[in-house]
Amino acid sequence: MALSASDGLPKPVVRPANRSSPRVGKAVVALLSITVSAVNTGQSSTSRRTRDRSNRIRRAAPTTPQEVGDVDLSHTDESVEPESPELAVPMLTAPTDGLPELVTDAASVKAAAASLQDGDGPIAIDAERAGGYRYDNRAYLIQLRRQGAGTVLIDPVDLSADDLSPLAQVLSENEWILHAAGQDLPCLAELGLAPAPTLLFDTEMAARISGCPRVGLAALLEAELNVGLAKEHSAADWSTRPLPTEWLNYAALDVELLVELREVLAARLTELGRIDWATEEFEHIRTYQPTRHREQWRRVSGIHRARSRRQLAIVRELWRQRDDLARTRDISPGRVLPDASITTAATSKLTARADLAALPAFKGRGTRRRIDYWWQGVQRALDLSDDELPDQAEPTPNTPPHPRSWPDRNPQAAARLAAAKQEIGALSEQLGIPVENILTPDTVRRLLWQPPTQVDTATVSERLIEAGARQWQVQLTVDILTTAIQEAQ
């Protein structure tokens with residue numbers, strides 16, 4: 001069944017977080033080319049809908065999972081209504097205005113920029129990368145959409161910053177809408193494209209702050225606009241040329257409804273009195289500069305298996321060999337040599353090249369062909385003197401130990417942490433906001449492991465701000481943390 005243009009645009013519906021309510025409208029955009037998926041009355045369809053319904057009550061996934069280790073993010077909403085029969089949501093299959101021609105040269109960029117300039121309202125933006133295939137995370141496609149201008153697809157591979165300067169000028173004057181902006185802003189900045197202060201709206205962060213239980217783009221479009229969005233090409237190799245038409249169609253759909261989604265989420269944030277919280281988060285995302293670890297090799301997955309300094313040296317030298325080769329060949333490091341192969345070599349008894357070649361992890365065709373190259377890295381590690389071996393842990397000043405050791409090493413700190421976790425967890429449940437968005441566990445641990453000498457709300461607030469907490473986060477948590485410190489003392 002196809003939806004006609006007369007169904008019209010949906011009206012944004014404002015509803016409090018974590019409450020069930022009717023879906024928005026019957027259709028989404030005039031002239032939107034969408035179809036309704038056939039209803040499968042069999043067991044597989046029923047099971048799938050049941051799983052999807054269950055998933056809607058789960059807490060949103062962490063923005064930075066590595067920071068959440070000691071925090072219980074489990075969440076159950078017992079008010080969810082029983083399963084009721086319903087049609088599958090309409091699937092978004094093609095852009096409203098058809099698939100635009102790919103912009104590949106400076107003249108076309110200038111024309112596209114002029115078209116966007118003549119449009120109205122904020123500009124929806126997305127970028128496609130090939131991180132799982134290429135060495136870095138540069139953009140291989142840029143998607144833009146603005147009301148009155150339609151959708152623009154730009155292939156930036158052969159374009160310079162000067163070629164893109166007309167687009168940069170337009171974007172610097174208008175609000176950007178992105179989903180999970182922190183993923184795309186770095187690769188866009190490499191092309192000279194950056195949002196101006198206060199001109200960023202992140203639909204994923206808006207969903208988190210407004211209490212949406214699922215914050216992926218497809219899940220939000222389904223929940224808020226009653227439209228399904230297929231994500232079958234999200235992990236594609238976007239460095240492929242020429243780009244297949246079906247990939248371009250998929251990419252265009254990623255920005256098709258971002259403007260409408262922004263309006264729904266902004267209305268909810270305003271009703272909940274959280275629009276200022278979200279604005280602080282958007283600005284934090286816009287200005288965020290990630291900390292680059294000096295010893296990147298310590299990020300190898302499974303490195304905890306390397307218990308001795310000699311084993312760590314093998315991890316380091318194999319990582320360096322891999323990084324050099326991956327950079328030279330412009331291939332994702334994990335495709336050159338998996339982390340598991342590095343840690344397997346490090347934890348095996350290796351005295352000769354034949355020992356390395358005998359490991360199953362090094363018997364793949366490509367790996368076996370370069371066995372001499374990999375052995376060079378191992379040999380360097382074996383030849384190091386004890387003084388040249390890396391330390392067991394990366395030097396990180398003022399970093400507290402893992403919380404599991406706190407009861408033995410600092411019982412007072414353990415008591416502070418337990419009390420704070422309980423209260424912040426309760427606040428998270430009350431607001432419907434994930435714990436790590438209220439305040440990152442790393443910030444909490446650093447404060448509670450070594451609190452200020454004089455403990456009051458002023459000194460605790462100061463420490464939180466120094467750690468990068470936003471004002472709304474400080475206001476929500478300062479009393480909880482101050483009390484936790486004072487009572488433990």
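Which residue in E6 is the bridge partner of Ala124? The bridge partner is Ile177.

The structure is a predicted model, in which local features need pLDDT of at least 70 and side-chain atom pairs count only at pLDDT 80 or more, whereas totals for chains, interfaces and linings use all residues. Residues are numbered from 1 along each chain as its sequence is written, and side-chain values use heavy atoms, with hydrogens and water left out.

Helices (H or I, at least four residues) and strands (E, at least two) are DSSP runs numbered from the N terminus. Two strands pair if DSSP finds at least two bridges between them. Strands of a sheet pair through backbone hydrogen bonds, either parallel or antiparallel.

An open sheet of 5 strands shows mixed pairing and the order E5-E4-E3-E6-E7. Strand E5 (150–154) and strand E7 (200–202) form its edges, each pairing on one side only. From one strand to the next, the twist averages 25°. Strand E3 (residues 120–129) and strand E6 (residues 176–178) run parallel and are joined by 2 bridges.

Axes are lines fitted to C-alpha atoms, for helices over the stretch in contact (heavy atoms within 4.5 Å), and angles run from 0 to 180 degrees between N-to-C directions.

| Helix | Strands | Angle to E3 |
|---|---|---|
| H4 (residues 181–189) | lies across E3, E4 (139–147), E6 and E7 | about 80° |
| H8 (residues 258–272) | touches E3, E4, E6 and E7 | about 115° |

With a disulfide defined as a pair of cysteine sulfur atoms within 2.5 Å, the count comes to 0 disulfides. Buried means under 20% relative accessible area, exposed over 50%, and partly exposed in between (1.4 Å probe, protein chains only). Cys187 is buried, at 3%, and Cys212 counts as buried at 8%.
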